[in-house]
Amino acid sequence: MELIISKIVTAIVNLIVFSLIPFIWWLCRHRKKKKNFFKWLGFYTPKLNCKWWTLLIFAGIYYFFYKFDFTMLLSAEDLNQMESSSAVATNIYAGLGVVAIIPAFIENFIANGVAEEILYRGFLCKRFCSKAGTVWGIIIQAVLFGLMHNVLFLLGGLEVSLWYHILAFIFTGTGALLLGWLNEKMFNGSIIPSILLHGAGNFLVSMSLAFAK
C-alpha cells in the first residue's frame with residue numbers, strides 16, 4: 001500500500017509539473033481564443049489518417065524497438081549501475097510480482113504516459129510543428145525528450161559512461177520520434193495513441209522486471 005500511495009503522489013506531482021508550462025502558455029496566448037485547454041493539447045478522439053498497412057508497419061517497428069535489448073551494448077560496469085541505481089525508476093519493481101501491478105500501472109500510464117505526453121507530444125511537439133513544420137517539430141521534441149532522460153540520470157547520480165548516455169539518448173529519443181509521428185502523421189494530432197503506447201511499453205518493461213525469476 002505504501003508503494004501505491006507513493007506512486008499516486010508521484011503521478012499528481014508529475015501531472016502538475018509537466019502541465020504547468022503548457023497551462024501558463026495556453027492561459028496567456030490561447031484562452032481568449034476560446035480554445036479548450038485539453039483539446040488544445042490533443043485530448044480528443046483519434047482518427048486514423050493513414051492506410052491500415054502503414055499502421056501495421058508502424059506497429060511492427062515499434063514492437064521491435066521495444067523488444068530490442070540495448071543493454072547488450074553496455075559494459076559490465078554500466079549494466080551493474082543501471083540494474084542497481086534508484087535513478088532507473090523501474091528497478092523498484094524488480095522481483096515484486098503481483099504487488100507491482102497497481103503501482104506500476106499508476107506510474108507508467110499516468111506519471112509517465114499522461115504527464116510526459118502532455119508536455120512533449122501535446123505541447124512542445126505541436127508548438128514546434130506549427131513553427132518549423134511537422135517533420136522538424138517531431139524531431140526537435142524527440143531530441144529534447146532524449147536529453148531530458150540524460151539530465152534525469154545525471155541528477156539521479158547514475159555513475160555511467162558517456163557511451164551509456166549516448167545509448168539512452170538514442171533509445172528514448174527514438175521512442176519520442178515514433179510517438180510524435182504516430183500522433184501527428186497517423187492520428188489527426190490526438191495524443192491519446194501516444195499516451196496508451198507510451199504507458200503500455202513502460203508497463204510491460206516494469207512487469208518483466210517484477211516477474212523476472
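Let's start at Gly157, which is partly exposed, with a relative accessible area of 43%. You'll find Gly157 in the loop between H6 and H7. Keep in mind that everything I show today comes from a predicted model.

Now, from Gly157, look across to Ser86. In sequence these two are 71 residues apart, but in space their C-alpha atoms are 8.9 Å apart. And where does Ser86 lie? Ser86 is in a loop as well, the one between helix H4, residues 76–84, and H5. Is Ser86 buried or exposed? With a relative accessible area of 71%, Ser86 is exposed, because the cut-off for that word is over 50%. One more distance from here: Ser86 and Leu209 are 123 residues apart along the chain, and 14 Å separates their C-alpha atoms.

H6 covers residues 134–155 and H7 covers residues 162–186, and their axes come within 7 Å of each other. How do they cross? The angle is roughly 145 degrees, and the crossing is right-handed. If you sort the residues in this contact by class, you get 15 nonpolar, nine polar and two charged.

Which residues does Glu184 touch, once we skip anything up to four places away in sequence? The list is Arg121, Cys125, Lys126, Cys129, Thr134, Ile138 and Gly189. There's also a C-alpha distance to note: Glu184 and Gly137 are 47 residues apart along the chain and 9.7 Å apart in the model.

Arg121 lies over the face of Phe145, at 4.5 Å from the ring centre. A second case has Lys185 over the face of Trp181, at 5.3 Å from the ring centre.

If you carry on past H7, you get to the loop between H7 and H8, and that's where Asn188 is found. What's the phi of Asn188? It's near 40 degrees, a positive value in a residue other than glycine. For background, most residues other than glycine have a negative phi. Asn188 has a relative accessible area of 24%, so we call Asn188 partly exposed.

Next up, rings! How many aromatic pairs does a search of the whole structure find? The answer is 18. Take Phe23 and Trp26 as one of them: their ring centres are 5.6 Å apart and their planes are at 35 degrees, so this pair is called tilted. Both sit in helix H1, and because they are three residues apart there, about one helical turn separates them. Phe23 is partly exposed, at 36% relative accessible area, while Trp26 counts as buried at 11%.

Phe105 belongs to helix H5, residues 101–132, and Phe203 to helix H8, residues 192–210, so the pair ties together parts that are 98 residues apart in sequence. Phe105 is partly exposed at 42%, and Phe203, at 16% relative accessibility, counts as buried.

Ring pairs can also chain up into a cluster. Here, one cluster links Phe23, Trp25, Trp26, Phe37, Phe38, Trp40, Phe43 and Phe123.

Two of those names, Trp25 and Trp40, bring us to His30. Leaving aside neighbours within four places in sequence, His30 is in contact with Trp25, Lys35 and Trp40. His30 lies in the loop between helix H1, which is 2–29, and helix H2, which is 37–41. Why do we call His30 buried? Its relative accessible area is 11%, and buried means under 20%.

Last stop: Asn14, back in helix H1. Asn14 is buried too, with a relative accessible area of 18%. Not counting residues up to four places away in sequence, Asn14 touches Ser19, Ala111, Asn112 and Ala115. And finally, Asn14 and Ile195 are 181 residues apart along the chain, with 14 Å between their C-alpha atoms.

Terms used: Residues numbered from 1 in each chain as written. Predicted model: local features only at pLDDT ≥ 70, side-chain atom pairs only at ≥ 80, totals over all residues. Heavy atoms only, no water. Axes fitted to C-alpha atoms, helices over the stretch in contact; angles between N-to-C directions. Helix = DSSP H or I, 4+ residues; strand = E, 2+ residues; numbered from the N terminus. Left-handed = near helix turned anticlockwise from the far one by under 90°. Nonpolar A, V, L, I, M, F, W, Y, C, P; charged D, E, K, R; others polar. Buried < 20%, exposed > 50% of the residue type's maximum accessible area, 1.4 Å probe, protein only. Contact = heavy atoms within 4.5 Å. Phe/Tyr/Trp six-rings, centres within 6.5 Å; stacked < 30°, edge-to-face > 60°. Lys NZ or Arg CZ within 6 Å of the ring centre and 35° of its normal.
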